[in-house]
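I opened the model to look up a few contacts and one interface. My notes follow in the order in which I took them.

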Amino acid sequence: MTRQEIEQEVKNVFHREFEIENPDMDADLRETYEFDSIDAIELLLAIENFLSTEISQEEKKQAINIRTINQICDYIEKIAKQRNLFSPA
Amino acid sequence: MMERRVVITGMSAITPIGHGKDQIVKSLQNGVSGIKPLRAEEFLSPYIHSKVYGTVDYPVEYDFKRNHRKTMGPVAYYACQVAKEVLEQSGLTEEFITSGRLGVAFGSIHGSPTVQRNIYRIFFGATEKSAVREIGAVDYLKSMVHTTAVNITKMFGITGRVIASGTACTTSSQSIGYGYESVKFGMQDAMLCGGADEYDTTTVAVFDNLLACSTAFNAEPHRTPRPFDKLRDGLVVGEGAGAVMLEEYEYARKRGANILGEVIGFACNNNGGDMILPNLTGITSTLKLGVENAGINPQDIDLISAHATATKMGDIIEAQAISAVFGNNPYVVGLKSYTGHTMAACGAIETIMCLAMMQEGFIAPTLNLEEIDERCAMLKHVQKILQQPVKTAAIQNFAFGGVNTILMIRKFS
């Protein structure tokens, strides 16, 4: 998968799961969209389904400091690379 | 100890006979039954003998933000909707609502059974590893026993105390009773109180297995339940929600609130024994405690809303207790004849129905009470609608576990 595909899927998840359309990729999720810890857990489940891979507890803990959608995409890209699921273009 | 007057400044209900006071009054005045055929589902309904249910069969419009919806099962939708309507009707300001001076007393019999059922479906239908992943992060928040109360506090930013009774059929009568005590004794200046339960065949199966459900009128649902009637053959489970706003009288008066009624007494006790069988000594004691708590005489009660589930023994024991404490002075009505037994919601819904009848000056008859069982005949039953002012009413509810409650309300003057 490419970065573009990751971004599109994250936007799909935000639309489908969180009813947020055309989100600002660099906005603070908590402040702008009332995103909370429950949403974060739901998001991690959606990422696991998207990547068809299980994210370990350690990897999930690394997501704690994520604040923006771009950071979510960075996080997914990193996990995809570790599992050889990522292609640069 | 400080004792303050407690008045009612908001009420709303979603019931099998209508949503809100106007629809409910219309149904009560026209003898409309909310009992419908049990909906078919693959899990339990084919095996349940009772094929009737007190059903909310009309759409309820919700306007809840996703941020709130995500922790709500069907029961919390009911609860938050009636809470929203009560808050709006009360006219309390957002500043007050979020100040800590308002608390919530609200419950259901066991969270959301629909969500619980989905959890079990995942659990039994999946490998151990995938089951852990498929159980949603919010499933507990939707199904825990205090889900109604805390979804209300979250939605409206209420920061006062939370009381989440989960005592089956006395859930919301306890909510109102403990809310009343919280305001009366100065712990809170207002309490949003009530109960809710969603459509659920598990509850029907439980009562069906106990041979307590009505089965003889499956082809004519509106003819059951039949409180105090010779042909009664058990209860009918129902769904719904009811909420009231209780408020300290002086505060309500000073802000010019529309006062709908007053709570003047509450009592709750336990039979101290059998979990299921009605207990004459225990219930008689409850009624006496209620009279004592309200500081009135038994003859001051004009109307009794009996628990009256239409089980064989339950109605007889209740009739004997009413007769022993109140004689045949008050009119007695079994309001579950309209809605079925709405479980956690019944105490609040029946309180609201009594308030509505007080306001409108009528007493609805017990539906389907055609031939009074001679063992219940010592009471002043209502078989036809009466244009009759009601000043003081008692609402009686009894639950599995031997829990008994009585609420006393008075027309405000």
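**Entry 1: B:His381.** I listed what B:His381 touches, skipping its neighbours within four places in sequence, with contact taken as heavy atoms within 4.5 Å. The list reads B:Phe228, B:Val332, B:Leu369, B:Ile372 and B:Cys376. This is a predicted model: local features need pLDDT of at least 70, side-chain atom pairs count only at pLDDT 80 or more, and totals for chains, interfaces and linings use all residues. Residues are numbered from 1 along each chain as its sequence is written, chains are lettered from A and ligands numbered from 1 in the order in which they are written, and side-chain values use heavy atoms, with hydrogens and water left out.

I then placed B:His381 in strand β13 (residues 380-381) of chain B. Helices (H or I, at least four residues) and strands (E, at least two) are DSSP runs, numbered from the N terminus. Is B:His381 buried or exposed? B:His381 is buried, at a relative accessible area of 11%. The cut-offs are under 20% for buried and over 50% for exposed, with partly exposed in between (1.4 Å probe, protein chains only). Its side chain reaches the backbone oxygen of B:Cys376 at 2.8 Å.

**Entry 2: B:Val115.** I found B:Val115 in helix α5 of chain B. B:Val115 is buried, with a relative accessible area of 8%. Leaving out residues up to four places away in sequence, I noted that B:Val115 touches B:Gly73, B:Asp139, B:Lys142 and B:Ser143. I also checked B:Val75, which is 40 residues from B:Val115 along the chain; their C-alpha atoms are separated by 9.9 Å.

**Entry 3: helix α10.** Which residues of α10 (residues 201-209) of chain B are buried? I noted B:Thr201, B:Thr203, B:Val204, B:Ala205, B:Phe207 and B:Asp208. These buried residues pack against β4 (52-54) and α5 (113-125) of chain B. Just after α10(B), I saw that B:Leu211 takes a positive phi of about 60°.

**Entry 4: chain B as a whole.** I counted 15 helices and 16 strands in chain B. The radius of gyration of chain B is 20 Å, close to the 22 Å that the globule rule gives for 413 residues, so chain B is as compact as a globular protein of that length. That radius is taken over C-alpha atoms, and the rule is 2.2 Å times the number of residues to the power 0.38. Along the principal axes, the C-alpha atoms fill a box of roughly 65 × 55 × 40 Å. Buried residues make up 62% of the 413 in chain B. Of the contacts in chain B between residues at least 6 apart in sequence, 80% join residues at least 24 apart.

**Entry 5: chain B against chain A.** I found eleven residues from chain B and 15 residues from chain A in the contact. The buried area is about 1100 Å², with 44% from carbon and sulfur atoms. Buried area here is the accessible area (1.4 Å probe) that two parts lose on being put together, summed over both.

How many salt bridges cross the interface of chain B and chain A? The rule finds five, each needing a side-chain nitrogen of Lys or Arg within 4 Å of a carboxyl oxygen of Asp or Glu. One of them joins B:Lys70 and A:Asp39 at 2.8 Å, N to O. On the side of chain B that touches chain A, α2 (66-69) and α6 (128-134) of chain B are the elements that give two or more residues. The largest share, three residues, comes from α2(B).

Terms used: Polar contact = N/O pair within 3.5 Å; in protein donor to acceptor, adjacent residues only side chain to side chain.
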